[in-house]
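I opened this notebook to keep track of what I looked up.

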Amino acid sequence: MDKDYLVLKRASASRLSGEWSDDDYDVLAEGFVVGRIMKAAAAPVGAPWLWTLAYGQHEDRSPIYDYEATREAAMAAFAKSWRQE
């Protein structure tokens with residue numbers, strides 16, 4: 001599979017323990033968690049969705065996190081940062 005192919009997986013299905021919100025997702029590339037997208041409890045007005053690259057995935061990418069208005073916008077912003085060469 002292409003390393004640029006990203007998959008959203010609910011945290012509750014992805015992680016072994018803990019209780020996770022329905023608005024909490026892991027971002028996977030080639031089966032490995034490379035980041036997270038979640039509806040944040042504390043976020044800028046109008047942009048409740050936080051996306052962040054996982055530790056160790058930052059390399060020369062920037063930004064490594066941000067807030068967006070929708071989950072779809074967060075995924076698009078994550079993908080843009082992830083695909084930087």
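The entries below cover confidence, salt bridges and the nonpolar core.

**Ground rules.** I am working from a predicted model, where local features need pLDDT of at least 70 and side-chain atom pairs count only at pLDDT 80 or more, while totals for chains, interfaces and linings use all residues. Residues are numbered from 1 along each chain as its sequence is written, and side-chain values use heavy atoms, with hydrogens and water left out.

**Confidence.** I looked up pLDDT, the predictor's confidence in each residue, from 0 to 100. The chain averages 88, and 94% of the residues score at least 70. Helices (H or I, at least four residues) and strands (E, at least two) are DSSP runs, numbered from the N terminus.

**Salt bridges.** How many salt bridges does the structure hold? I found two, taking a salt bridge as a side-chain nitrogen of Lys or Arg within 4 Å of a carboxyl oxygen of Asp or Glu. Side chains of opposite charge can pair when their charged atoms come close.

One joins the side chains of aspartate 24 and arginine 36, at 2.6 Å from N to O. Aspartate 24 lies in strand 2 (residues 24-29) and arginine 36 in strand 3 (residues 32-39), so this pair ties together parts that are 12 residues apart in sequence.

The other joins glutamate 72 and arginine 71, at 3.9 Å from N to O.

**Exposure of the partners.** I used relative accessible area: buried is under 20%, exposed over 50%, partly exposed in between (1.4 Å probe, protein chains only). Aspartate 24 is buried at 5%, and arginine 36 is partly exposed at 27%. Glutamate 72 counts as exposed at 52%, while arginine 71 is partly exposed at 28%.

**Around aspartate 24.** I listed its contacts (heavy atoms within 4.5 Å). Not counting residues up to four places away in sequence, aspartate 24 touches Arg10, Ala11, Arg15, Arg36, Ile37 and Met38.

**Nonpolar core.** I took a core as a set of buried Ala, Val, Leu, Ile, Met, Phe, Trp, Tyr and Cys residues joined through side-chain atoms within 4.5 Å. The largest has 15 residues, and those with the most contacts inside it include Val27, Ile37, Trp51 and Phe78. Strand 2, strand 3, strand 4 (49-53) and helix 2 (71-82) each give two or more residues to this core. Which element gives the most? Helix 2 does, with six residues.

**Tryptophan 51.** Leaving aside neighbours within four places in sequence, I noted that the contacts of tryptophan 51 include Arg36, Ile37, Ala74 and Phe78.
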